Amino acid sequence: MSSKRAMSLLAVVVLLGIAQTSLAASSKGNSEAGKKLYLESCQSCHGPTGKGDSDLAAYLTPPPANLAAKATQTKTDAQLRKIILEGRPGRAMASFDGAFEEAQLTDVIAYLRSLKP
Ligand code: HEC
């Protein structure tokens, strides 16, 4: 095989790999990336593993939700997305509208789905 042909084959393989990665990210999200965002934006209230056990929790009424609990895990992705974007007015849960790119929001939700009770 000529080296030119080998190079174009290689390019196709690389492009396919990229397409597959971004497809996976858009349909399911990347919980590792989501964890990083969670630790930056959410753990101060929801605690390091989502259990609602942060140091701040004692000072918040109502307290931050335990995101690993059934009440949260039985919500649909769309419901979680809405809560994160709109927050809970009058409560410590702020609106994160504009804070994340679409893909990042999907990643954060993928991380929430990985939380174990
Ligand atoms: C300043 C504190 C604070 C931060 C930061 C915060 N939350 Fe919350 N969150 C709360 C509180 C308090 C509640 C409970 C509100 C209620 O009971 O209505 C809550 C509720 C929620 C709920 C609803 C749970 C349920 O089942 O009803 C979700 C989902 C959630 N937070 C996700 C997040 C995510 C994701 C982040 C980071 C992007 C985040 N929160 C950042 C305080 C916070």
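**Helix packing, core and ligand shell of the predicted model**

Lys116 lies in the segment after helix 6, where helices (H or I, at least four residues) and strands (E, at least two) are DSSP runs numbered from the N terminus. Residues are numbered from 1 along each chain as its sequence is written. The model is predicted: local features need pLDDT of at least 70 and side-chain atom pairs count only at pLDDT 80 or more, whereas totals for chains, interfaces and linings use all residues. Lys116 counts as exposed because it has 8 C-beta neighbours inside 10 Å. A residue is termed buried if 20 or more other C-beta atoms lie within 10 Å of its own, exposed if 12 or fewer do, and partly exposed in between, with C-beta atoms placed from the backbone. Between Lys116 and Leu67, 49 residues apart in sequence, the C-alpha to C-alpha distance is 9.0 Å.

The protein contains six helices and zero strands, in the order α-α-α-α-α-α from the N terminus. Of its 117 residues, 15% count as buried. Contacts were assigned to residue pairs whose C-beta atoms, placed from the backbone, lie within 7 Å. Among contacts with a separation of 6 or more, 56% are between residues 24 or more positions apart.

Helix 6 (102-114) has 13 residues, which at 1.5 Å a residue should span 18 Å; the end C-alpha atoms are 19 Å apart, in agreement with this value. The expected span is 1.5 Å times one less than the number of residues. Buried positions in helix 6 are Leu105, Thr106, Asp107, Val108, Tyr111 and Leu112. The largest nonpolar core has eight residues: Tyr38, Cys42, Leu67, Ile84, Leu105, Val108, Tyr111 and Leu112. Helix 6 gives the most to this core, with four residues. Such a core is a set of buried Ala, Val, Leu, Ile, Met, Phe, Trp, Tyr and Cys residues joined through C-beta atoms within 7 Å. In soluble globular proteins, nonpolar side chains tend to be buried together. Apart from residues up to four places away in sequence, Val108 touches Gly34, Leu37, Tyr38, Ile84 and Phe100.

In helix 2 (residues 31-41), Gly34, Lys35 and Tyr38 are buried. Viewed down the axis of helix 2, these buried residues fall within an arc of 105 degrees and therefore line one face of the helix; the arc is that of the directions from the helix axis to the C-beta atoms. The buried residues of helix 2 pack against helix 3 and helix 6. Glu32 and Glu40 are exposed on the face of helix 2 turned away from its buried side.

Leu85 lies in helix 5 and counts as partly exposed because it has 14 C-beta neighbours inside 10 Å. Beyond its neighbours within four places in sequence, Leu85 is in contact with Ser95, Phe96 and Asp97. The C-alpha atoms of Leu85 and Ala99 are separated by 8.6 Å, the two residues being 14 residues apart along the chain. In the loop between helix 3 and helix 4 lies Pro62; the peptide bond from Thr61 to Pro62 is cis, with omega near -5 degrees.

The ligand has 23 residues around it, of which Cys42, Cys45, Ala65, Thr72 and Met93 come nearest. Helix 3 (43-46), helix 4 (70-73) and helix 5 (77-86) are the elements that give two or more residues to this shell. A residue is near a molecule if its C-beta atom, placed from the backbone, lies within 6 Å of it. The shell comprises 16 nonpolar, four polar and three charged residues, with Ala, Val, Leu, Ile, Met, Phe, Trp, Tyr, Cys and Pro counted as nonpolar, Asp, Glu, Lys and Arg as charged, and the others, Gly among them, as polar.

Notes
Two residues are in contact if their C-beta atoms, placed from the backbone, lie within 7 Å.
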